[in-house]
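Hi everyone, thanks for making time for this. Let me put the structure up on the screen, and then we can walk through it together.

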Amino acid sequence: MSRELKGWKDIPIAGVCWKPATEYLTGDWKTFKPIHDPEKCTKCLLCSLICPDSAIKWNQANEELMFDYDFCKGCGICANECPADAIKMVREGEG
Amino acid sequence: MAITQQKTLAINGDEAVALAVKQSDVDVVAAYPITPQTIIVERFSEYVADGEVETEFVCTESEHSALTACLAASAMGARTFTASASAGLALMHEILYVTSGCRAPVVMAIVNRALSAPINIHCDHSDSMVERDSGWIQIYAENSQETYDSIIQAFRIAEHLKVLLPIMVCLDAFVLSHTLENVQVLADETVQKFVGLRDVPQVMGHEGREVPFKLDPSNPITMGPLDLYDYYFEHKRQQEEAMKVAPQIIQEVHEEFSQISGRKYGNGLIDAYHLEDADIATVCVGSTAGTTKTVVDRLRKEGVKAGLLRLRTFRPLPLTDIVKTMENVKAVAVMDRSNSFGGHGGPIYHEIRHSLYDSPTHPHVVNYIYGLGGRDMPPAIILNIYKDLQEILKTKRVKRDVQFAGVR
């Protein structure tokens with residue numbers, strides 16, 4: 001939480017968000033992070049579809065999967081569902 | 001503005017509430033029935049069935065849902081009303097905080113009824129007093145006329161752009177809710193003109209531009225999301241600020257209403273009765289004030305300098321008004337129609353003593369818990385309280401600071 005914090009007179013009432021969700025980096029509290037193995041990956045894109053935070057994106061240019069760790073909460077659904085076993089969950093700082 | 005033509009109707013307190021809501025051009029009413037509030041919603045549902053109002057009337061499966069529906073409608077910019085009592089209000093507890101936190105100006109009538117167990121349907125103030133910290137403005141009415149007037153005023157106060165807080169208008173079960181009284185009512189169009197249309201302020205939205213503070217698909221905003229240690233405290237501080245602004249708005253709306261109705265209740269926050277030169281005084285809320293005024297009249301005839309302070313608003317607590325009107329009083333008895341078990345006295349006692357701590361006269365302040373579960377509070381008991389105060393005045397000593405009036 002390094003961003004500048006405002007006082008009560010300077011923020012909207014009722015918790016109304018004054019920034020888009022993309023500016024809140026919700027990925028900074030994960031314990032486990034997904035590590036993707038391109039060798040095993042069949043590029044079925046199931047992980048991208050089921051990610052609850054839309055944190056796995058398909059890069060059309062180089063035909064690669066991109067994991068956005070700023071928004072990945074580390075829930076592990078992708079690793080659990082991957083039919084090719086191409087995603088491993090690793091403790092933060094160990095992977 | 002001039003005082004307008006009014007009709008006198010013989011109606012009870014619940015019917016007075018229903019009529020005031022009907023005239024206030026309310027968009028959404030969501031409610032669940034509970035004695036002694038039932039008549040309010042029954043009467044209002046008749047207005048709906050007879051096509052006398054254009055209100056969206058939602059029958060929910062619980063009070064928790066009723067208030068949630070009101071909160072959601074209010075968040076969309078609708079004028080909303082609900083009513084409850086006792087266990088129903090207790091079931092709303094969680095959503096009371098969500099409503100005030102979302103700054104949704106819902107107006108709710110509370111017909112004050114005891115809480116179980118043992119089960120009891122009659123009057124005391126336990127149900128609303130326990131919700132005093134929920135961020136709602138609380139107005140306690142002395143009679144059905146004041147109930148009618150307060151409901152109309154409540155929409156203006158709650159929806160005021162500097163306030164945006166929900167309001168409970170409290171009336172005593174059965175004593176007011178089910179008792180016929182002559183109530184002066186304004187014409188429909190007079191009330192509609194007084195309450196006007198609900199407006200919403202502009203807030204900074206997530207696209208970095210000002211948008212109306214309401215849920216609207218063309219200008220989407222998020223209300224009441226996850227708010228941790230970084231901003232939750234700031235939002236609670238904002239709610240306190242709204243409570244600080246509220247007394248002035250309550251007084252302004254009360255004054256403006258008096259110009260069309262000819263009726264005033266003290267200054268809108270407190271109703272001081274013969275306090276200017278009083279040596280002894282009682283403090284209470286609700287219908288007991290009516291009985292107490294007759295006792296004060298009797299004592300005054302006997303030359304006793306007795307007075308009464310009725311709090312019309314308990315939230316926000318009119319602290320400076322309390323200190324000012326009580327500045328010459330030497331002994332005070334606070335009458336609480338609810339108890340804070342183990343807290344040494346009732347909630348009003350705690351706050352009056354707290355208010356008077358910095359008073360230069362530093363009066364004796366004692367407490368009487370009375371009327372729990374609808375136990376009657378006749379003039380004789382109130383007279384005895386004033387006699388106790390005379391004794392304190394004479395001896396300058398308090399024998400017992402917290403007592404129970406009317407218990408066997």
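I'll talk about chain B, going from its domains to a sheet and then to a pair of helices.

One thing to keep in mind is that this is a predicted model.

Let's begin with the overall layout. Chain B is assigned two domains: domain 1 covers 6-200 + 228-261, and domain 2 covers 270-405. Taken over C-alpha atoms, the centres of these two domains of chain B are 27 Å apart. Where they touch, domain 1 of chain B contributes 25 residues and domain 2 of chain B contributes 20 residues.

Which elements give two or more residues to the side of domain 1 of chain B that touches domain 2 of chain B? They are helix 5 (126-129), strand 6 (137-140) and helix 8 (232-261) of chain B. That side of domain 1 of chain B has 14 nonpolar, 7 polar and 4 charged residues.

Now please look at the sheet. In chain B, 6 strands form an open sheet in the order 11-13-12-15-16-17, and the pairing is mixed. As a reminder, strands in a sheet pair through backbone hydrogen bonds, either parallel or antiparallel. Strand 11 (270-273) and strand 17 (402-405) of chain B each have a single partner strand because they stand at the edges, so one side of each has no neighbour in the sheet. From one strand to the next, the twist averages 20 degrees.

Let's zoom in on one pair. Strand 15 (residues 331-336) and strand 16 (residues 364-370) of chain B run in the parallel sense, paired over 6 bridges. Opposite B:Val332 you can find B:Val365, in strand 16 of chain B.

Helices pack on this sheet too. Helix 11 (residues 347-356) of chain B lies across strand 12 (280-284), strand 15 and strand 16 of chain B, at about 150 degrees to strand 15 of chain B. Helix 12 (residues 379-395) of chain B touches strands including strand 13 (306-311) and strand 17 of chain B, and its direction also makes about 150 degrees with that of strand 15 of chain B.

Finally, here is a helix pair. Helix 6 (residues 144-159) and helix 7 (residues 188-195) of chain B pack at about 25 degrees, with axes 9 Å apart. These two helices of chain B are therefore roughly parallel to each other. Helix 6 of chain B brings B:Ile152, B:Phe155 and B:Arg156 to the contact, while helix 7 of chain B brings B:Val191, B:Phe194 and B:Val195. By class, that contact has 5 nonpolar, no polar and 1 charged residues.

How values were computed
Residues numbered from 1 in each chain as written. Chains lettered and ligands numbered in written order. Predicted model: local features only at pLDDT ≥ 70, side-chain atom pairs only at ≥ 80, totals over all residues. Domains from an automatic or database assignment. Contact = placed C-beta atoms within 7 Å. Helix = DSSP H or I, 4+ residues; strand = E, 2+ residues; numbered from the N terminus. Nonpolar A, V, L, I, M, F, W, Y, C, P; charged D, E, K, R; others polar. Pairing = 2+ DSSP bridges. Axes fitted to C-alpha atoms, helices over the stretch in contact; angles between N-to-C directions. Parallel < 35°, antiparallel > 145°, perpendicular 65-115°, else oblique.
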